[in-house]
Amino acid sequence: MVKAVVGANWGDEGKGKITDMLAERADIIIRFQGGANAGHTIINDYGKFALHTLPSGVFYDHTTSIIGNGVALDVPVLFKEIQSIIDRGVPAPKILVSDRAQMVMSYHKNFDAYEEERLGGKSFGSTKSGIAPFYSDKYAKIGFQVSELFDEELLKEKAARIADQKNVMLEHLYHKPLIKPEELYHELMEYKEMIEPYVCDTSSYLYHALKEGKEILLEGQLGTLKDPDHGIYPMVTSSSTLAAYGAIGAGIPPYEIKKVITVCKAYSSAVGAGAFVSEIFGEEADELRRRGGDGGEFGATTGRPRRMGWFDCVASKYGCRLQGTTDVAFTVLDVLGYLDEIPVCVGYEIDGEVTKDFPVTHLLEKAKPVLTKLPGWKCDIRGIKTYEELPENCRKYVEFVEEQIGYPITMVSNGPGRDDIIYRGQSV
Ligand code: GDP
């Protein structure tokens, strides 16, 4: 059976924690999209880890971690990440990398930085991990696929061709140093050496695993609102963040995805530019940011302070719908225990009209939040193990959100650790 763990919002909803937790009962965990541009923070018996490329299942010795064909594979980052977890006492994980995954090259990162520099004040707030230039090249059919590393003739010819093409932009648009074909070839050979032990026809591997009835988790990066089709275009990422894409980015049949666990955080946060209707500012935002997540809401990749806001029912309902949610995991609820009253965004006012439907970007820019306030519970709920033991106002908050978004909240996360989870009804 395949389950997808995905985000409803802008990312950073706590997918890493939920994946790590569900991985206990899984055989295979797959990253199917995105790259090293966002991180997952995981806290377990080995310590606290910020992973960017490795799936969040690498901490168990019974799991196989797969980098699927849909991922923007940053070979040195993957290599460093594997080393860094081994150095901290985690048993060497079993990792397979799709032979159809494409690689982020150093020029992709350079182009990312050069373009942000060129755009100046109009930049996208990219993490400069090369993701947008990488996916542009993938679809322009000039990317480097892992399988190509094993055909040196082809690679030499292609390195020269790509250098020629890229150098036009470097010379005339960005006025930056040019790519030397032999250096590009050398970079590719270095990647080959690093990646060779892991390369696999992963879709075939998964085909057999499914036949054997293995438990498979698809781990999404970012969330619905960053999807290039259904998100807040153009302030989106460059690969699909939806569970449906899991089938493509892993190479499995779509009908095998039986559960879509959509992670929603009990308040909102976002990184990068773009409309954020329920955003809050000043001291109110600072306090939530300081108390948020585990040790504050700061980017796992960049350390940038995240933008903060109240829970947004409009965005989350939409986010869950596009994911095809079967279960909602509602996370970081413990953080809200300090508030007397908790504002929740229940509608958007656009040109004097209130809507509960998430609009397209140009209307979203005009939307003002319609807030309602729910009473707080004013205590620490960490350590509570059953739903009934949660304070009444806390349960009311969960049930209010559930009704507004229209999808069942079957898991409530009340702390960053693996065991900080409360199941409602049957466990997933
Ligand atoms: P992801 O990218 O969706 O995996 O999310 P991040 O890892 O960037 O952000 C989630 C942050 O919240 C991490 O620091 C987690 O350790 C933390 N976290 C996850 N669930 C909970 C929770 O229920 N309570 C608290 N306090 N922190 C949590």
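Q: Which residue lies over the face of Tyr-387, and at what distance from the ring centre?
A: In this predicted model, local features need pLDDT of at least 70, side-chain atom pairs count only at pLDDT 80 or more, and totals for chains, interfaces and linings use all residues. Residues are numbered from 1 along each chain as its sequence is written, and side-chain values use heavy atoms, with hydrogens and water left out. A charge sits over a ring if NZ of Lys or CZ of Arg is within 6 Å of the ring centre and within 35 degrees of the ring normal. The residue over Tyr-387 is Arg-424, at 4.4 Å.

Q: How many aromatic pairs does a search of the whole structure find?
A: Rings of Phe, Tyr and Trp (its six-membered ring) pair if their centres lie within 6.5 Å; planes under 30 degrees apart count as stacked, over 60 as edge-to-face and the rest as tilted. Searching the whole structure on that basis gives eleven.

Q: Why is the pair of Phe-111 and Tyr-114 edge-to-face?
A: The ring centres are 6.4 Å apart. The pair counts as edge-to-face because the planes stand at 65°.

Q: Is Phe-111 buried or exposed?
A: Buried means under 20% relative accessible area, exposed over 50%, and partly exposed in between (1.4 Å probe, protein chains only). Phe-111 has 6% relative accessibility, so Phe-111 is buried.

Q: What is the relative accessibility of Tyr-114, and which angle separates its plane from that of Tyr-174?
A: Tyr-114 counts as buried at 14% relative accessibility. With Tyr-174, Tyr-114 forms a tilted pair, 5.8 Å centre to centre, and the angle between the planes is 45°.
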